Amino acid sequence: MFTQFGATADSLSKASSLMFRIGTDAHLYDDPDDVNIAPLLDSKFDSEICEALKRLLALIAQGCNVSNFFPQVVKNVASQSMEVKKLVYLYLLHYAEKRPNEALLSINCFQKDLGDPNPLVRAWALRTMAGIRLHVIAPLVLVAVGKCARDPSVYVRKCAANALPKLHDLRLEENISTIEELVGILLNDNAPGVVGAAAAAFASICPNNFSLIAKNYRRLCETLPDVEEWGQIVLIGILIRYSIARYGLVKESLMVASHSLENSNSGKGGSETYFGIKERTNDIGSVVCESEIAEMVSRSYLEGPDKYLSRPCSERASSFKDLSDFTSAKSNDDVKILLQCTLPLLWSQNSAVVLAAAGVHWIMAPKEEIKRIVKPLLFLLRSSDASKYVVLCNIQVFAKAMPTLFVSHFEDFFVSSIDPYPVKALKLDILSLIATDSSISPIFNEFQDYIKDPDRRFAADAVAAIGLCAQRLPNIASICLEGLLVLTSSEISDVDIASMDEEAIILIQAIDSIKTIIKHEHSSHDKVIVHLARKLDSIQVPSARAMIIWMLGEYNSMGHIIPKVLPTVLKYLAWTFSSEALETKLQILNAMVKVLFHAEGEAVSTFKTLLNYVLELAKCDLNYDIRDRGRLLQKLLSHYIGTHELEESAPDSTLHVLTGHLFGREIKPIPSEPLAYRFYLPGSLSQMVLHAAPGYEPLPQPLSLICNDTTHEPNMVIGMKQPGNGATQSESYETDDADTVSGSLNEESTSGYNSQDSRTGSSGTHGSHRSGSVSDDDEHAGPLIHLSDSGNAHGNQLGPRFNLNSDSNYLGELMSIKSLESWLDDNPGSTNNSVELNNVCQSLARISIGDLSSRVKPKSYTLLDPANGNGLSVEYIFSSEVSSISPLFVCIQVIFSNNSVEAMPNIQLIEEDSGMRVESSDQVLTSDESSKMSVNDVSTLVPMEEITKLERGQVMQRTLQVRFHHHLLPLKLLLWCNGKKYPVKLRPDIGYFVKPLPMEINMFSIKESQLPGMFEYIRRCTFIDHIEELNKLESPLAKDNFLVICETLALKVLSNSNLFHLSVDMPVGTNLDDVSGLRLRFSGEILSNSIPCLITITVEGRCSEPLDTEVKVNCEETVFGLNFLNRVVNFLTEPARL
Amino acid sequence: MIDNGFPLTTEPNILREMIAPPNIVSKVLSVVTGNTSNMSNTLPGATGSCVPWRKTDLKHSSNEVYVDLVEEMDATINRDGVLVKCEICGEVQVNSHLSGLPDLTLSFANTSILNDVRFHPCVRLRPWESNQILSFVPPDGQFKLMSYRIKKLKSTPIYVKPQITSDSGTCRISLLVGIRNDPGKTIDDINVQFQLPPRVLSADLTSNYGTVNILSNKTCTWSIGRMPKDKTPSMTGTLVLETGVERLHVFPTFLVGFKIMGVALSGLKIEKLDFKNLPTRPYKGFRALTRAGQYEVRS
């Protein structure tokens, strides 16, 4: 009966727990392995695959290795179901690094997904692709990121920005400039969310590449309030570093003001109190003046405290003067705008943002205005304990350097009983820093309350804080002393043995505080010492006793009362000596000697007897330390105590001098020791832990950035502020770099820009945001579009096309869905092309250059240097011939020349060993067929005819047919010559992995339009060769400048790759100097699989200047196309050989 | 959502739309259909808008918005019974159920007392800078629009007077609670909490109103509830100290809790709430509430 009931209850509880879990996947975690996962993965139902994948992820979460399912999982990447896709991505992210070869199978799917109309799918694909960390696909990811950086969806662009640090982590040295360029593009984005992510990318990739910031500085400042919180924190850091590097420190700011104060002594209004304090603290001498700390803070920010503190003191002081030219927050607009834009962030809900903004004002704001950060900072104190601690740590630094800031807010630092101990301790410290004569009495009352706090450690700290306050404010020293004395007497009166440990620390601290106060002003406190000496009877704590005895000895001749009570006290001490603790005994010995040394009159003999008695006791002490001390003192003082004659006995002996130094020195005020605080930038982790945490960097050197491109800066800001005067602005845009602004970005950026404009603008019409944006557009359409398009430098030249573009911009903006579709159907590059092709007839002339083949000079590479080969030099040239054996072979002409004095027999070039091949075939990136062939096809080299004899000075040429397994890796060969072998490396040139593919221009454009999206790769570079060519011309009119440029470009391409030169589009403009719009087309097909490969080179710029060149490759083979593009860009940028 | 260690999306609205949190309806649906996915297949529209905290296409059958002023009073009364520190930390909490993309404007009658403020990201900062007006497009549901702090208040609504005398191994404790300044509304949930000092062996506490609880970790709670009309609540008792301890020299701190509905003690008043861009006039509701924050009385 009961068991039944029990069973029901059990099942009931099971059922109820089941109820909670219905509709969740929690059951999968119970035993993920309880079904056979493999068949589920191969199921044709998405739901089953889904479940299998969830089980796999559950297993991963439980720490099992399920990488053996990799092939089956990867297969599902092509699934149509979003959920399956997402789960596969998660799995891939976890295992791709371990199974790189199989992971490559999924790449094509990513490529496809990157063209998906759903932005979520594009974003996922990008995030996963960037996250799988394989070097081989890095170039692909780079292209994908570049593509997504111009995506119409904000979310995808944001993911692109997030992908950049992942790419950067792979350490691709050759791509670093491309990555940085992308960061620049994303920083220039109009969506605040993207800017935030781009800022994070900037900070982790190239934190010192300030030229990227220079272009957008003002716009970044303006967007700052709209960026999401996490981005704000990073962006603030970047902006302050930039403005320090660009403009240097602000001369009114605290960082500099403390110093200029000494130079000019022109204290400005509003800081009188500050100087007042400074002067007074200087009088005390040992208290460090705040301006010194302020300077130290600024030096530490700039150099890092370790470097700063390691320098000798004398250098430290002078080091600041060389930075003579500072900027001013009042006259420098850029600094002003940064301060203005960070000011509202002090109202942020995010504590870290407030702290970061406060940091900017702390460093940059004029000193009178720093107080604006105080209230927001103090508001942060009402948050979690952890953030309270962080804020207090930073306030502590601020209060050290500028106590006036917080003087009137002392109430905020009153300790609450629920604060954790570290917070309490920090608050006490700050309170003692900011106490002034006016605020000391409430603070002092608080301290007295704290002494009764149940947390005794904190109570001891409060006692110490009283001591510190007394040091800072000598006026209250006597009150403090009284309070402390009361404390000592009240504590001892009824302290029982059990609670001794806890109370002891307070007592010790109290006496320690008294000691420090007396140390600073010992003249008037003799009564205190006497009072303490009277307490010796009741104070039992050894270290407290030791301190009192030390004071007695040290100040034995002070005032009138001490000398009178000394004999009694010392007698008492001698009596208790044997029962004292170690430290007390040592202090008794020391004190006795000091007293004896200063004693006069009849007391001397009493003291001598006492000392002798104590020394005798010390000799037989159990502790060897005491025995040693006793013996030492006896030897030192032998002539004092042995002969009973004080003055006469050998006063000049070394012993006497030594004793005098040890015990008889004058009591001097302690010289202020150099400060050794460690200051790190506000809000940094290093400031918390007080050592440089990994990744910490001090501020950049002021004025280290020399910026000459001021034309960049008004980029968007002016448009934002005064959209009306676009006419005057357009001229400055003409010289603007167009490389950061691309067409597709502009197309959608205008809409984002508009909505942002209406948001940041203070107009109250924001409510009609969606519906109203149309009418808004009507007002602004003209200047805005003008603005965005004039970013493209060639826009102004071609009047008709410009209008057409702007129209389509405008329409696209109204019908954003349509523009999205058009982006997806065929990418903006190709739409532009088709538009241009139609327009070309009107504005461009198509010409064909005569046969250039005679002037093509293929580049030759060295295979063997005569220095290494005993005078044999071997060079090779990639030939444009097509191999007769197989299309996979590349023909190479090898030129042997004998530079030695003797003839060389038997020269042969063969492969190294065939063992290498298997290894290298692993890295083949090409499609499946070719990799299969590479395994089957053993030979990679058609051996050349042996050269039986090479006479001295003779040059011979042989043709070698080589099959490279990889476009990038060099082929290792062995050169036999005269029985000796030389290992040589034959470097492939991807430019010759293609053969010319003659075609018509119509064919070209059809093919081009068939290869959109991921099959299209674009890179930009600068071409300079033509300048030299132009200079060679005797007279400027001898040949058309445009023609020269065409020829140089075409020759350069044809000399470095095996392509067919199709056509040239030449601009027919009014301006004879502007070559923008010049376009060359080349075509070729890949040797191995006859896939066509189209190259378009578009030129912008002026004839006489370096040309901005855009190279576009359309090719189905993604990896090949990309590598090919890189090669083209490389040889275009490398200077011509003379 | 974190991507590569950097926050990708932290906006709750977007996250909720990407993966719907489970609720009864979805659970029932999943049981019926056997489909357990609550993942959205489309990108939330808010990711691209400039108001990421709001769904783009919200529809509510009843349009309503509630504004609550919730204030917490922090006060410290020292051992001499002097009010050392008294300040109010308040929040403006809004619960909005509005369709479309409304634009709200909230203004206060006495903005001059607002010095320290922090805002939800939706608040536009320029109108605040110029006119001290809160202009914002609200997120859907409950959110904290603004928090503020008003310092240096002069009085507290209730008083708590502890008296502790300690002699010869025992310690007598008495505690009085009463109304000092009647805020005009009833004061609810009054309670006093304190930690018995160390070295106390046992405690015997009685009160003439409410209940006293002593937990095993030496925390005492005296719950008074609503203030009685006829008498002043008091608690008295004796603490027996450990043997050998003559008297206490460490005294407890009393943490006081209370709640007053319908009053914002700081005196902050909402003047009006205006709507723009709304088809129908929504229902507006205002409430105020003050409760004790870190209200401590030392003894």
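This is a predicted model: local features need pLDDT of at least 70, side-chain atom pairs count only at pLDDT 80 or more; totals for chains, interfaces and linings use all residues.
**Close-up 1. B:Leu114 in a loop of chain B.** The loop shown here runs between strands β5 (103-108) and β6 (116-119) of chain B, and B:Leu114 is found in it. B:Leu114 is partly exposed, because 17 other C-beta atoms lie within 10 Å, whereas a buried residue would need 20 or more and an exposed one 12 or fewer. Leaving aside residues up to four places away in sequence, B:Leu114 touches B:Phe108 and B:Tyr148. The C-alpha atom of B:Leu114 is separated by 9.2 Å from that of B:Gln132, a residue 18 residues apart from it along the chain.

**Close-up 2. Helix α12 of chain A and the elements around it.** Helix α12 of chain A covers residues 192-205, and its 14 residues reach 20 Å from the first C-alpha to the last, which is close to the 20 Å expected at 1.5 Å a residue. The helix is mostly covered, with 11 of its 14 residues buried, among them A:Pro192, A:Gly193, A:Val194 and A:Phe202. The buried residues of α12(A) pack against four helices of chain A, namely α10 (154-169), α11 (176-187), α13 (210-223) and α14 (229-247), and also against strand β2 (6-7) of chain B.

**Close-up 3. Helices α20 and α21 of chain A where they pack together.** Two packed helices are described by the angle between their axes and the distance between the axes. For α20 (residues 333-342) and α21 (residues 351-364) of chain A, the angle is about 145 degrees and the axes are 9 Å apart, while the crossing is left-handed. On the α20(A) side, A:Val335, A:Leu338, A:Leu339 and A:Thr342 meet A:Ala357, A:Val360, A:His361 and A:Met364 of α21(A). By class, this contact has six nonpolar and two polar residues, and no charged residues.

**Close-up 4. Helix α32 of chain A and its buried residues.** Helix α32 of chain A, made up of residues 582-598, has 17 residues and reaches 25 Å from its first C-alpha to its last, close to the 24 Å expected at 1.5 Å a residue. This helix is mostly covered, since 12 of its 17 residues are buried, including A:Thr584, A:Lys585, A:Ile588, A:Lys594 and A:Phe597.

Note on methods: Residues are numbered from 1 along each chain as its sequence is written. Chains are lettered from A and ligands numbered from 1 in the order in which they are written. Helices (H or I, at least four residues) and strands (E, at least two) are DSSP runs, numbered from the N terminus. The expected span of a helix is 1.5 Å times one less than its number of residues. Two residues are in contact if their C-beta atoms, placed from the backbone, lie within 7 Å. Axes are lines fitted to C-alpha atoms, for helices over the stretch in contact, and angles run from 0 to 180 degrees between N-to-C directions. A crossing is left-handed if the near helix is turned anticlockwise from the far one by less than a right angle, and right-handed if clockwise. Ala, Val, Leu, Ile, Met, Phe, Trp, Tyr, Cys and Pro count as nonpolar, Asp, Glu, Lys and Arg as charged, and the others, Gly among them, as polar.
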